[in-house]
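Let's take a friendly walk through a protein model. Have the sequence and the 3D view ready, and follow along one heading at a time.

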Amino acid sequence: MTQELGRMERPPSEAYRGRRKLLLVPRVYPPPADEAEGSAIVRRYWEQVHAQVASLESGLGPVRHVYHESVTDGGEEALTMMESVDGQCHGFIQAKCAAGASYEATEDAEILRDTMDLQGCLMLPFAGARVPAMLREWLADATRRRYEHIAQRIDETLGEDEVGVLFINERHQVQFPEGVEVFFVAPPALDDYRRWLNAWAARRSTAFAEEAPEEQKGEDSESD
């Protein structure tokens, strides 16, 4: 069963004693450096994540395992790499590891590469429909295997009466192992981030549409 933090009371420790608990934190992506509003929202989001996870830990126990999509090797080296990718998330994970949590290898490197390659291929233009249809089938299979591996890693490493935290995109398809109680961490700033991201994407789309005619004019003048 998945429960949503922020829309429920702090869980009593006795209710989940002896069970495996997983805190599910939606992954948010760092905005471009020039996006002040987005940066402020992301900072607020992480402040709320820290507070809500701390509240959960007071009822369930301390986080002992940290999982993050796209991480194929755990430990200190993976933590150092995270610092260059997402400083806010790195700070959270570093604090949990300093408190005794293990940073776990979460994904299979080969399956993750297959998924990324197929996603890249599907962004290319195609002359017909047969090849992209085949690629979508392969991508669906790779995605299924990817999320199955994540579930397997959680099942293998999260012990009885332990608490883990998973950072993953909101559209994930992970079927969590039987006996794992999942708590969806939903800070108020998550809705703000969704709204900002949609507005930013719309602005980008409009800007590209407005720039395209100018580029086309330049190409036409060169051909004359």
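## The largest pocket

H4 gives the most to the lining of the largest pocket, with 4 residues. Both helix H4 (109-121) and helix H5 (130-157) supply at least two residues of that lining. Helices here are DSSP runs of H or I with at least four residues, strands are runs of E with at least two, and both are numbered from the N terminus. This is a predicted model, where local features need pLDDT of at least 70 and side-chain atom pairs count only at pLDDT 80 or more, while totals for chains, interfaces and linings use all residues. Residues are numbered from 1 along each chain as its sequence is written, and side-chain values use heavy atoms, leaving out hydrogens and water.

The space in the largest pocket comes to about 320 Å³. Of the 14 residues lining the largest pocket, Glu69, Gln119, Arg146, Tyr147 and Asn169 are the closest to its centre. A pocket is an open set of points on a 1 Å grid over the protein atoms alone where a 1.4 Å probe fits, with protein on both sides within 12 Å along at least five of seven lines; lining residues have an atom within 4 Å of a point.

## The nonpolar core

Which residues have the most contacts inside the largest nonpolar core? They are Leu23, Trp46, Ile93 and Phe167, in a core of 47 residues. Helix H1 (residues 36-60) provides the largest share of this core, 8 residues. A nonpolar core is a set of buried Ala, Val, Leu, Ile, Met, Phe, Trp, Tyr and Cys residues joined through side-chain atoms within 4.5 Å. Buried means under 20% relative accessible area, exposed over 50%, and partly exposed in between, using a 1.4 Å probe and protein chains only. In soluble globular proteins, nonpolar side chains tend to be buried together.

Now zoom in on isoleucine 93: leaving aside residues up to four places away in sequence, isoleucine 93 touches Val66, His68, Leu79, Met82, Tyr103 and Phe167. Contact here means heavy atoms within 4.5 Å.

## Positive phi angles

Just after H1, glycine 61 takes a positive phi of about 115°. Most residues other than glycine have a negative phi.

Serine 70 is not a glycine, yet has a positive phi of about 80°. Look for serine 70 in the loop between strand E3 (63-68) and helix H2 (75-85). Aspartate 161, also not a glycine, has a positive phi near 65°, and lies in the loop between H5 and strand E5 (163-168).

Are these two buried or partly exposed? Serine 70 counts as partly exposed because its relative accessibility is 38%. Aspartate 161 counts as partly exposed because its relative accessibility is 37%.

Methods: Points joined across faces, edges and corners; volume = space filled by probe spheres on them.
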